[in-house]
Amino acid sequence: MPELPDVENFKVYFRRNGLNKKITAIECSTPSLIKEVRFSDFKKKLMEKKFKDVRRRGKFLIIDIARIPEKLIIHFGMTGGLSYAEQDTERKGRDRFSRLIFKFDNNEELRWLNVRKLGKIYLKKDPESVELIKELGPEPLQISERQFFELLRKCQNKNIKAFLLDQRNIAGIGNIYSDEILFRAKINPHRIIETLSKIEKQNLYQGTINALREAIEIRPSYGMYGIRFETDWLLSHRHKDMECPRNKNHKLKREIIAGRAAIYCPICQK
DNA sequence: GGTAATGTTAGACT
DNA sequence: TAGTCTAACATTAC
């Protein structure tokens, strides 16, 4: 679930539920997911503190903590999320995979969910000391068309889907949104960047911005449940009826490209 | 039981 | 050198 739009909504969820409450206990069922610091030290640093502010960078959340310079840095991996609930209530559904839990002084708790244990947690003064954060490309919703073209220019020989997926080019796009973006831009995921026309590049820029913005808007429920994309999204047909949103007679194709399952319309996407 | 899954990365390969 | 491919991580759901 967690690509840019999802993590953006996790940010709002965290801001709404996790800030300015004193941490009274911390539990972690899988301490190996907390990187570069022992869980006992992690706990010591955070006990009795409050989360002050939260921001998003790519697929990461970076959280300020009152009274200490360290930031809590969260990556959700492939199957992560957040859940806020009353303390010690039954953990149903994905809450069964609550790997890290912050208990607050109001008898509620914030759970970091991570089914496949591919997520990571850091506690660092400087977020840039996390290799991937340091190398992260610009935020797609904050760059001009001109800057976008410049990024493409530096990767002429690369496959377009590989380009979109590589966090060092642009931050926050993952497998499903790369498919959605390429569908909107009517570009076949096999294409190499240097073969794209100016109009296709413009469509790619607009498709990126529109898909991400609309996805952020569409998800009124936070967490990983109840995605409700309209049927004109490629996403709503993925792994289901596999019908092209533009034409029911077109069958979507699934193929491994850039190491991931790409789903696209071989007729609409040239 | 086999397969695929919204991420990242190291190392092999062309 | 640059770009691509594969496997690995770990676990569940269908």
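**Entry 1: the model.** I noted first that this is a predicted model.

**Entry 2: domains.** I looked up how chain A is divided. The domain assignment gives domain 1 as 4–135 and domain 2 as 140–264. I then took the distance between the centres of domain 1 and domain 2 over C-alpha atoms, which is 28 Å. For the contact, I found 16 residues of domain 1 against 13 residues of domain 2.

Which elements give two or more residues to the side of domain 1 that touches domain 2? I listed helix H1 (4–18), strand S5 (80–86) and helix H3 (131–135). H1 gives the most to this side, with 7 residues. I sorted the side of domain 1 that touches domain 2 by class and got 7 nonpolar, 4 polar and 5 charged residues.

**Entry 3: H4 against H7.** I began with how such a pair is described. Two packed helices are described by the angle between their axes and the distance between the axes.

Helix H4 covers residues 145–153 and helix H7 covers residues 198–218. I found that they pack at an angle of about 115°, with their axes 10 Å apart. Angles of 65 to 115 degrees count as roughly perpendicular, so H4 is roughly perpendicular to H7. H4 passes H7 in a right-handed crossing.

I then looked up the residues that meet. From H4 they are Glu145, Phe148, Phe149 and Leu152, and from H7 they are Lys201, Gln202 and Tyr205. I divided the residues of this contact of H4 with H7 into 4 nonpolar, 1 polar and 2 charged.

**Entry 4: H6 against H7.** Helix H6 covers residues 175–184, and its angle to H7 is about 130°, with the axes 8 Å apart. This angle makes H6 oblique to H7. H6 passes H7 in a right-handed crossing.

On the H6 side I wrote down Tyr177, Glu180, Ile181 and Arg184. On the H7 side I wrote down Leu204, Gly207, Thr208, Asn210, Ala211 and Leu212. The residues of the contact of H6 with H7 divide into 5 nonpolar, 3 polar and 2 charged.

**Entry 5: DNA strand C.** Which residues surround DNA strand C? I found Val115, Arg116, Lys117 and Leu118, then Cys155, Asn157, Lys158, Asn159 and Ala162, and also Ala258 and Gly259. I sorted the surface near DNA strand C into 5 nonpolar, 3 polar and 3 charged residues.

Technical notes
Residues numbered from 1 in each chain as written. Chains lettered and ligands numbered in written order. Predicted model: local features only at pLDDT ≥ 70, side-chain atom pairs only at ≥ 80, totals over all residues. Axes fitted to C-alpha atoms, helices over the stretch in contact; angles between N-to-C directions. Helix = DSSP H or I, 4+ residues; strand = E, 2+ residues; numbered from the N terminus. Parallel < 35°, antiparallel > 145°, perpendicular 65-115°, else oblique. Left-handed = near helix turned anticlockwise from the far one by under 90°. Contact = placed C-beta atoms within 7 Å. Nonpolar A, V, L, I, M, F, W, Y, C, P; charged D, E, K, R; others polar. Near = placed C-beta within 6 Å. Domains from an automatic or database assignment.
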